[in-house]
Amino acid sequence: MEKNDRYFMHIAIEEAKKAGAIGEVPIGAVIVLDGEVIAKAHNLREAEQTAIAHAELLAIDIACKETGSWRLDNAVLYVTLEPCAMCSGAIILSRVKKVVYGASDPKGGCAGTFMNLLQDDRFNHQSEVVSGVLKEETGELLTNFFRELRTKKKAEKKKKKAEIEITKINSL
């Protein structure tokens with residue numbers, strides 16, 4: 001693992017924290033070209049109410065606008081969670097040279113865990129893949145987020161059940 005991979009993954013983690021702070025799944029992405037960050041983004045699916053507001057797609061869009069080209073031939077994408085099928089498709093189509101991710105996604109990761117779209121030689125482009133960079137930190141962000149979400153949902157369910165009981169008692 002390159003020192004730069006850790007450095008840029010820390011920036012992606014900061015983006016992921018921004019997502020978590022607004023109630024989004026904490027995933028962040030950074031695109032680097034020639035050693036410089038040209039795009040940063042985090043999940044905005046809930047805020048935008050659109051399925052395509054994944055961190056990777058938003059970062060790719062920003063990077064394309066920044067470079068004035070849809071081709072990101074020499075770019076490196078750093079993302080805190082292994083890309084899904086949709087994001088992997090965009091990575092392939094935008095010709096991202098290398099993808100570095102933190103936590104693996106056994107249920108939907110398409111960079112080698114569930115399947116490997118990024119290196120499938122049936123496509124006209126493949127990306128180099130580096131996995132597991134700061135995987136403990138990136139995985140912990142997700143684990144904590146979903147643990148808190150389950151706790152909140154459980155508390156809401158308990159509160160609603162109590163309100164129903166009070167309503168029943170008051171109606172007697």
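Predicted model: local features only at pLDDT ≥ 70, side-chain atom pairs only at ≥ 80, totals over all residues.
In which loop is Q49 found? Q49 sits in the loop between α2 (45–48) and α3. Q49 is not a glycine, yet its phi is positive, about 50 degrees. Its relative accessibility is 61%, so Q49 counts as exposed, the cut-off being over 50%.

Now step back to the whole chain. The protein chain has 5 helices and 5 strands. Along the sequence they follow the pattern α-β-β-α-α-β-α-β-β-α. The C-alpha trace spans about 70 × 30 × 30 Å along its principal axes. The chain holds 172 residues, and 44% of them count as buried. Take the contacts between residues at least 6 apart in sequence: 58% of these join residues at least 24 apart. The accessible surface comes to about 10,200 Å². Carbon and sulfur atoms account for 53% of that surface. The chain carries 25 positive and 25 negative charges, and their mean positions lie 8 Å apart.

Helix α1 covers residues 3–21 and includes F8. D5 lies in helix α1 too. At 2% relative accessibility, D5 is buried, because the cut-off is under 20%. The side chain of D5 makes a polar contact of 2.9 Å with the side chain of Y78. Setting aside neighbours within four places in sequence, D5 is in contact with Y78, K98, V100, V130 and V133.

Aromatic rings come next. A pair of rings is described by the distance of the centres and the angle of the planes. The count here comes to 3 aromatic pairs. One of them joins Y7 and F8: the centres are 5.0 Å apart and the planes meet at 75 degrees, so this pair is edge-to-face. Y7 has a relative accessibility of 51% and therefore counts as exposed. F8, at 6%, counts as buried. F8 also pairs with Y78: here the centres are 5.3 Å apart and the planes lie at 35 degrees, so the pair is tilted. F8 belongs to α1 and Y78 to strand β3 (residues 76–81), so their pair ties together parts that are 70 residues apart in sequence. Both F8 and Y78 are buried. Through ring pairs, Y7, F8 and Y78 form a cluster.

Y78 leads on to V100. V100 lies in strand β4. Its relative accessibility is 0%, so V100 counts as buried. Which residues does V100 touch, not counting those up to four places away in sequence? They are D5, M9, V76, L77, Y78, V79, V130 and V133. D5 and Y78, already joined by a polar contact, are thus both among the residues that V100 touches. E66 is another matter. V100 and E66 are 34 residues apart in sequence, and their C-alpha atoms are 21 Å apart in space.

Helix α3 comes next. It spans residues 55–67 and contains L57. L57 is buried, with a relative accessible area of 17%. Beyond its neighbours within four places in sequence, L57 is in contact with I52, M86, C87 and A90. S88 is 31 residues from L57 in sequence, and the two are 9.3 Å apart in space, C-alpha to C-alpha.

C87, S88 and A90 belong to the next stop, helix α4. This helix covers residues 85–93, and its buried residues are C87, S88, A90, I91 and I92. What covers these buried residues? The cover includes α3, β3 and β4 (98–103). After α4 comes R95, whose phi is positive, near 65 degrees.

The last stop is L134. L134 sits in the loop between β5 (128–130) and α5 (135–170). Like Q49, L134 is not a glycine. The phi of L134 is positive, about 55 degrees. Buried or exposed, which is L134? At 6% relative accessibility, L134 counts as buried. Q49, where the tour began, counts as exposed.

Methods: Residues numbered from 1 in each chain as written. Heavy atoms only, no water. Helix = DSSP H or I, 4+ residues; strand = E, 2+ residues; numbered from the N terminus. Buried < 20%, exposed > 50% of the residue type's maximum accessible area, 1.4 Å probe, protein only. Contact = heavy atoms within 4.5 Å. Phe/Tyr/Trp six-rings, centres within 6.5 Å; stacked < 30°, edge-to-face > 60°. Polar contact = N/O pair within 3.5 Å; in protein donor to acceptor, adjacent residues only side chain to side chain. Areas by Shrake-Rupley, 256 points an atom, 1.4 Å probe, with all protein chains shown as cover. Lys, Arg positive; Asp, Glu negative; His and termini not counted. Charge placed at Lys NZ, Arg CZ, Asp CG, Glu CD.
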